[in-house]
Amino acid sequence: MKKRHLSMMLSRLKGFLNPKPELEQYRTPGDVAAELLWLADSMGDIGGKVVADLGAGTGVLSVGACLMGAEKVYAVEVDESALGIAGENARALGLKDCIEFLLMDVSEFNEAVDTVVMNPPFGSQSPHADRPFLRKAFEKGRIVYSIHLAKPEVRRFVEGFAVDNGFGITHRFSLPFEIPAQFPFHKKSIERIFVDVYRFEMLKRMGLRPISVPGRL
Ligand code: SAH
């Protein structure tokens with residue numbers, strides 16, 4: 001499959017019916033999801049791997065990971081209606097057997113996986129909403145892909161939080177991310193923001209020793 005084809009397929013999936021602002025339900029645009037998955041696949045992190053999609057929403061990243069040959073994807077999502085739509089999206093593409101849908105808070109997820117992919121809440125509605133996601137990702141995954149706002153203060157936080165959890169950043173790139181108006185507080189018909197896509201890997205596997213946890217080595 002070509003990256004452009006993947007991007008188009010993911011753009012055509014059903015989105016949130018009644019997106020909930022308090023859960024920061026913004027679906028990942030097809031082109032952004034395709035960039036993340038393309039990098040992940042080229043690094044050998046998707047094909048034949050067990051993947052978790054934390055805060056799976058309507059399933060863009062879960063479906064994309066299955067299309068790229070993941071052996072199994074756990075789609076973890078706290079909102080039942082979103083997970084229902086993710087199920088419809090998977091069924092429509094014949095991918096139902098590839099995805100296990102788990103209706104739960106991310107903090108309850110307890111399966112060992114090879115790779116975590118996620119577009120977590122950015123914390124713009126409830127500050128720090130991204131933290132339980134990063135914490136769980138670093139607890140359960142060996143490789144983590146995640147999307148965050150491209151802002152200096154977010155970068156500083158993400159870098160520090162990763163190292164504190166024994167992970168390092170191997171890749172980071174910025175992309176435009178379009179959010180169509182979907183909440184009453186949205187003033188423009190399309191908001192264009194910039195996000196950073198990250199790839200994290202365990203420091204141990206990178207041959208590095210954690211630096212900010214003295215006394216533990
Ligand atoms: N990953 C999807 C959705 C991103 S929006 C995509 O790429 O399109 C973030 C998602 O996280 C929403 O679906 C929201 O319902 C979910 N979410 C927010 N807090 C959560 C929590 N504590 N546990 C599980 N899911 C959560």
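I began with strand β1, residues 50-54, and found it mostly covered, with 5 of its 5 residues buried. Buried here means under 20% relative accessible area, exposed means over 50%, and partly exposed lies in between, with a 1.4 Å probe and protein chains only. The model is predicted: local features need pLDDT of at least 70, side-chain atom pairs count only at pLDDT 80 or more, and totals for chains, interfaces and linings use all residues. Residues are numbered from 1 along each chain as its sequence is written, and side-chain values use heavy atoms, with hydrogens and water left out. Helices (H or I, at least four residues) and strands (E, at least two) are DSSP runs, numbered from the N terminus.

**Entry: faces of β1**

I looked up both sides of β1. V50, A52 and L54 are on one side, V51 and D53 are on the other, and all are buried. In a regular strand the side chains alternate between the two faces of the sheet.

**Entry: neighbours of β1**

I then listed the pairings; two strands pair if DSSP finds at least two bridges between them. β1 runs parallel to strand β2 (residues 72-77), and 5 bridges join them. In that pairing I noted L54 opposite V76 of β2. From β1 the chain passes through helix α3 (residues 60-67) to β2, in a right-handed β-α-β crossover. Right-handed means that, with the strands pointing away from the viewer, the path from the first strand over the helix to the second runs clockwise. I also noted D53, whose bridge partner in β2 is A75.

Strand β4 (residues 115-118) is also parallel to β1, joined to β1 by 4 bridges. A52 stands opposite V116 there.

**Entry: β2 and onward**

I checked β2 for cover: 5 of its 6 residues are buried, so β2 is largely enclosed by the rest of the structure. β2 pairs with strand β3 (residues 99-103) in the parallel sense, over 5 bridges. A75 stands opposite F101 of β3. I recorded β2, helix α4 (residues 80-92) and β3 as a right-handed β-α-β unit.

**Entry: disulfide**

I searched for pairs of cysteine sulfur atoms within 2.5 Å, which is the rule for a disulfide. The count came to 1 disulfide. C66 and C98 form it, with their sulfur atoms 2.1 Å apart. The link of C66 and C98 is left-handed, at -95° about the S-S bond. It joins distant parts of the chain: C66 is in helix α3 and C98 is in the loop between α4 and β3, 32 residues apart. C66 counts as buried because its relative accessibility is 8%. C98, at 12% relative accessibility, also counts as buried.

**Entry: cavity**

A cavity is a set of points, on a 1 Å grid over the protein atoms alone, where a 1.4 Å probe fits but cannot get out. The structure holds 1 cavity of 30 Å³ or more. The largest cavity has a volume of about 30 Å³, a volume being the space filled by probe spheres set on the points. F122, D130, H148, L149 and V154 line the largest cavity, each with an atom within 4 Å of a point. I sorted this lining into 3 nonpolar residues, 1 polar and 1 charged. Ala, Val, Leu, Ile, Met, Phe, Trp, Tyr, Cys and Pro count as nonpolar, Asp, Glu, Lys and Arg as charged, and the others, Gly among them, as polar.

Note on methods: 1 Å grid on protein atoms, 1.4 Å probe; cavity = no way out; pocket = protein on both sides within 12 Å on 5 of 7 lines; lining within 4 Å.
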